[in-house]
Amino acid sequence: MTAPVGRLLSVVFECADPDEEGRFWEQLLGWSRHHGSSDWVTILDPADRSRRLSFQRVDDHVEPTWPARARPQQAHVDLLVDDLHVADERVVALGARRLTGDTVVHEDESFRVYADPAGHPFCLIVQVTPDL
């Protein structure tokens with residue numbers, strides 16, 4: 001292997017309201033605000049400050065459509081949870097929208113798909129034998 005060119009600093013999501021997005025993901029992940037302005041918010045994992053998500057204001061942001069492909073999702077986040085039903089109730093209470101009605105079952109995992117307040121898709125996943 002060759003030496004890396006760099007290290008991942010942050011995954012950045014475009015949105016119309018970085019503060020709203022930051023609050024949603026802070027509560028969802030239990031992370032804390034690192035930086036905030038009207039145009040940019042960064043949150044981080046207090047246990048590992050190298051794990052970050054950032055949200056950038058884009059005034060003409062148009063949310064992706066899923067599963068329709070009129071506007072592709074472009075990227076999404078998968079979150080491992082212990083109990084899908086409990087996690088479902090919590091994310092909906094935080095402002096997520098369900099994009100799938102039923103739980104999707106694959107070989108060793110089950111998941112549901114949601115959208116955050118800006119429409120970015122994310123999945124809550126329960127694994128029979130967790131990877132992490």
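User: Which residues does Trp25 touch, not counting residues up to four places away in sequence?

Analyst: This is a predicted model, in which local features need pLDDT of at least 70 and side-chain atom pairs count only at pLDDT 80 or more, while totals for chains, interfaces and linings use all residues. Residues are numbered from 1 along each chain as its sequence is written, and side-chain values use heavy atoms, with hydrogens and water left out. With contact taken as heavy atoms within 4.5 Å, and leaving out residues up to four places away in sequence, Trp25 touches Gly30, Ile43, Leu53, Phe55, Val77, Leu79, Asp116 and Phe122.

User: How many residues has the largest nonpolar core, and which have the most contacts inside it?

Analyst: A nonpolar core is a set of buried Ala, Val, Leu, Ile, Met, Phe, Trp, Tyr and Cys residues joined through side-chain atoms within 4.5 Å, where buried means under 20% relative accessible area and exposed over 50%, with partly exposed in between (1.4 Å probe, protein chains only). Helices (H or I, at least four residues) and strands (E, at least two) are DSSP runs numbered from the N terminus, and β1, α1, β3, β4, β5, α2 and β9 each supply at least two residues of this core. The core has 21 residues, and those with the most contacts inside it are Trp25, Phe55, Phe122 and Leu124.

User: In what order do the four strands of the open sheet stand, and why is one side of β1 and of β2 left without a neighbour?

Analyst: Strands pair if DSSP finds at least two bridges between them, and here four strands form an open sheet of mixed pairing in the order β1-β4-β3-β2. Because β1 (11-15) and β2 (32-36) stand at the edges, one side of each has no neighbour in the sheet, and each has a single partner strand.

User: Where does His120 lie, and with which side chain does its own make a polar contact of 3.3 Å?

Analyst: His120 lies in the loop between β8 (109-115) and β9 (121-127), where it is buried, with a relative accessible area of 8%. The polar contact of 3.3 Å joins its side chain to that of Glu21.

User: Within what arc do the buried residues of α2 fall?

Analyst: The buried residues of helix α2 (residues 84-94) are Leu84, Ala87, Asp88 and Val91, whereas His85, Glu89, Arg90 and Ala93 on the other side are exposed. The arc is that of the directions from the helix axis to the C-beta atoms. Seen down the axis of α2, its buried residues line one face of the helix, because they fall within an arc of 105 degrees.

User: Which residue forms a cis peptide bond with Pro67?

Analyst: Pro67 lies in the loop between β4 (48-57) and β5 (77-80). Most peptide bonds are trans. The cis bond, with omega about 5 degrees, joins Pro67 to Trp66.

Note on methods
Polar contact = N/O pair within 3.5 Å; in protein donor to acceptor, adjacent residues only side chain to side chain.
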